[in-house]
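I opened this entry to record what I looked up on charged side chains and helix packing. The notes follow in the order in which I made them.

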Amino acid sequence: MVEEGRFAQVSGALVLAGTPMGQPGDASPRLREALASADIVAAEDTRRARSLAAALEVTIGGRLLSYYDHVEAQRAPQLVEAIDDGATVLLITDAGMPSVSDPGFRLVAACAEAGLRVTCLPGPSAVTTALALSALPSERFCFDGFAPRKPGARRDWLASLRSEPRTVVFFESPHRLAVTLADAAEVLGADRRAAVCRELTKTYEEVRRGGLAELADWAADGVKGEITVVVAGASAVDTEADLESVVAQASALAESGVRLKDACEQAAAGTPFSRREIYEAVLQFRRG
């Protein structure tokens, strides 16, 4: 019989495990058990996996192999075969939960397709940690991974969030943080509330809260470390005002000679509204 709270190894299973974001002491007893007993430990970085095991005073008992973005397609079928043959495979990433903007989704999907068991050892997550620290509404939220790197794609993505009522959480690299926040202030509004969470759970943890423009000015001096950004959702007033501006843009294009359907399509580009929504709103506006 397995003691309550301990890791029960089951033959033929993929085990996802959240790893500490900075403090080894955040590791659960079940993670220690899994590192010691799994047949295969698939790690995003094998060096960091060994360092984590050493910090936890655990010896990795099974085979340790690398499992990162560029080898995921190659390694996933091999691991599925091993699990099908009865092996217990522990999947860990450098920090946080596998498959949440980290390697793992492909392997989970492949195991599910093959009808193999997939289980999870709960652990740290930068998404929920930042959300809890943000002082922003957390009853409903969405996670959007990493912000797009290219300026045009990033602004289109931000435009799609104009009328998003849920709090939005996303990751960003420190050297792009300032420009992303500046774009967000322009697209979403200078006063839209947000929080920048840096180096969560680590020695130099920092949480900055304020309007997007204020945070962009702060980040302009340079920021280091792992970054998670939390942005407040749009209010009903914001959403209504945004729709009105898109309708006004479509109407202006139509008045300049652009066919109405084309005008609506142009105005809807980069917004959360469809061409049909804008078209119907323009017709309603014309009817008074």
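I began with Glu206, which is partly exposed at a relative accessible area of 22%; here buried means under 20% relative accessible area, exposed over 50% and partly exposed in between, with a 1.4 Å probe and protein chains only. The model is a predicted one, in which local features need pLDDT of at least 70 and side-chain atom pairs count only at pLDDT 80 or more, while totals for chains, interfaces and linings use all residues. Residues are numbered from 1 along each chain as its sequence is written, and side-chain values use heavy atoms, with hydrogens and water left out.

**Salt bridges**

I looked up the partners of Glu206, taking a salt bridge as a side-chain nitrogen of Lys or Arg within 4 Å of a carboxyl oxygen of Asp or Glu. Glu206 meets Arg198 in a salt bridge at 3.1 Å, N to O, and meets Arg208 in a salt bridge at 3.1 Å, N to O. Arg198 counts as buried at 15% relative accessibility, whereas Arg208 is partly exposed at 36%.

I then noted the pair Asp45 and Arg47, whose side chains form a salt bridge at 3.5 Å, N to O. Asp45 is buried at 17%, but Arg47 is exposed at 62%. My search of the whole structure gave 11 salt bridges.

**A buried arginine**

Arg75 lies in helix H3, residues 72–84; helices (H or I, at least four residues) and strands (E, at least two) are DSSP runs numbered from the N terminus. Leaving aside residues up to four places away in sequence, Arg75 touches Leu65, Ser66 and Tyr67, contact meaning heavy atoms within 4.5 Å.

**Helices H6 and H7**

I next examined H6 (residues 151–159) and H7 (residues 177–188), whose axes come within 9 Å and cross at roughly 45°. The contact involves Arg154, Arg155, Leu158 and Ala159 of H6, and residues of H7 including Asp183, Glu186 and Leu188. Arg154, Arg155, Asp183 and Glu186 are linked in a network of salt bridges.

**Whole chain**

Of its 288 residues, 44% count as buried.

Key. Axes fitted to C-alpha atoms, helices over the stretch in contact; angles between N-to-C directions.
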